Amino acid sequence: MELKFNSKLHFCWNLPVDAENRKHGKYYYTLYDGEEFFRKYTLNTPSGIIHDLENICEDMSWSKKSNPIIEFIKKSKKFLNEKIYGIAGFGGLTTVFDIGQERVLKISKENPFEYRKYNKRFDIPLLSGVESCGGLYGYVQAKADTENITLKDVLKVKRKMKRAGYMPSNDFGNHRTDQVGRYKGKPYLLDSRCAVKQYDFKTRFAKWFYRHFNTSPTVLVAKVISFDEPIKHVDETPPPNFTKQEAKNLIQKAIKSWFKK
């Protein structure tokens with residue numbers, strides 16, 4: 001029932017948006033290089049979260065029977081008083097529903113705060129606890145403006161993360177403007193798993209020393225990049241710190257490079 005994210009979306013986000021009327025709502029998309037990219041979906045008449053999800057399933061050609069999101073809502077008995085106004089977007093493992101009043105409900109296969117706590121300095125406001133049931137997680141966030149996000153917005157978020165003691169995960173490169181949104185005029189991180197705790201001092205120092213003082217020639221490996229392949233899920237487990245011996249070995253390796261002929 002998931003729409004796969006494609007890396008071409010980064011290059012087509014500012015292109016014109018087309019709309020298609022469906023039985024229960026309107027489907028918005030962008031055409032780029034002969035392919036269709038989902039932008040959003042709006043429901044005509046929201047009435048209640050279960051009924052709304054069933055109508056969305058019909059319009060999106062998803063199975064209603066044993067639908068994991070519907071089962072999550074029913075079994076967890078959370079968010080039953082909400083209405084769904086549409087789908088605001090998709091992540092690799094997350095679906096984002098517009099539930100009105102400038103809020104979104106995220107249903108994900110990953111715990112957004114598995115490795116850290118919510119941080120109000122850079123995380124988009126969290127408006128509920130994280131509920132889990134049947135391998136899914138649900139939580140409400142403030143609705144962000146995701147249109148025309150710039151690299152400057154991304155760098156502002158990364159600076160706030162750094163000052164709070166965090167660094168970007170492997171899934172948060174400088175070009176990933178889709179990980180950032182504006183709320184009340186300020187940029188915030190949308191995907192909490194994109195921020196992980198910084199390395200400890202010995203690890204940071206060893207990496208810094210090796211990066212600046214290693215004189216061994218850098219080996220460049222050519223890699224073909226295909227924009228036709230969907231982005232694969234990136235492991236966002238916080239990387240481990242060096243042991244004292246590992247840090248020492250890296251520093252010694254840099255020093256030894258000074259004496260190579």
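Reading surface patches, ring pairs and loops

Mentor: A nonpolar surface patch of about 740 Å² is formed by Phe201, Phe205, Trp208, Phe213, Ile255, Trp258 and Phe259. Keep in mind that this is a predicted model.

Trainee: Which helix gives the largest share of the nonpolar patch?

Mentor: Helix H5, residues 201-213, supplies the largest share, with four residues. Phe201 is found in this helix, H5.

Trainee: Is Phe201 buried or exposed?

Mentor: A residue counts as exposed when its relative accessible area is over 50%. Phe201 has a relative accessible area of 61%, so Phe201 is exposed.

Trainee: How many aromatic pairs are there?

Mentor: Two rings pair if their centres lie within 6.5 Å. By this rule there are 14 aromatic pairs. One of them joins Phe209 and Phe213, with 4.8 Å from centre to centre and 35 degrees between the planes, and this pair is tilted.

Trainee: What separates Phe209 and Phe213 along helix H5?

Mentor: Phe209 and Phe213 are four residues apart in helix H5, which means that about one helical turn separates them.

Trainee: Are Phe209 and Phe213 buried, partly exposed or exposed?

Mentor: Buried means under 20% relative accessible area, and partly exposed lies between that and the cut-off for exposed. Phe209 is at 13% relative accessibility and therefore counts as buried. Phe213, at 33%, counts as partly exposed. Another aromatic pair is made by Trp258 and Phe259; this pair is also tilted, at 6.4 Å centre to centre and 50 degrees between the planes. Trp258 is partly exposed because its relative accessible area is 41%, whereas Phe259 is exposed at 64%.

Trainee: Which residues do ring pairs link into a cluster?

Mentor: The cluster linked by ring pairs holds Phe201, Phe205, Trp208, Phe209, Phe213, Trp258 and Phe259. Compare that with the nonpolar patch, where Ile255 is listed. A patch is made of residues with over 30% relative accessible area. Phe209 has 13% relative accessibility.

Trainee: What about charge? Which residues gather in a patch of positive charge on the surface?

Mentor: For charge, look for side chains of Lys and Arg, which count as positive. In this model Lys120, Arg121, Lys152, Lys156, Arg159 and Arg163 gather in a patch of positive charge on the surface. Take Lys152 as an example: its place is in helix H4, residues 151-163. Lys152 counts as exposed because its relative accessibility is 56%.

Trainee: Where does Lys143 lie?

Mentor: Lys143 lies in the loop between strand E8 (136-142) and H4. Its relative accessibility is 30%, so Lys143 counts as partly exposed.

Trainee: Where are Gln101 and Glu102 found?

Mentor: Gln101 is in the loop between strand E5 (94-100) and strand E6 (103-108), and Glu102 lies in the loop between E5 and E6 too. Gln101 counts as exposed because its relative accessibility is 70%. Glu102 is exposed as well, with a relative accessible area of 55%.

Methods. Residues are numbered from 1 along each chain as its sequence is written. This is a predicted model: local features need pLDDT of at least 70, side-chain atom pairs count only at pLDDT 80 or more; totals for chains, interfaces and linings use all residues. Side-chain values use heavy atoms; hydrogens and water are left out. Patches are made of residues with over 30% relative accessible area and no salt bridge: like charges are joined within 9 Å, nonpolar side chains (Val, Leu, Ile, Met, Phe, Trp, Tyr) within 5 Å. Accessible areas come from the Shrake-Rupley method with a 1.4 Å probe; for residues, only the protein chains shown count as cover. A salt bridge is a side-chain nitrogen of Lys or Arg within 4 Å of a carboxyl oxygen of Asp or Glu. The place of a charge is taken as NZ of Lys, CZ of Arg, CG of Asp or CD of Glu. Helices (H or I, at least four residues) and strands (E, at least two) are DSSP runs, numbered from the N terminus. Buried means under 20% relative accessible area, exposed over 50%, partly exposed in between (1.4 Å probe, protein chains only). Rings of Phe, Tyr and Trp (its six-membered ring) pair if their centres lie within 6.5 Å; planes under 30 degrees apart count as stacked, over 60 as edge-to-face and the rest as tilted.
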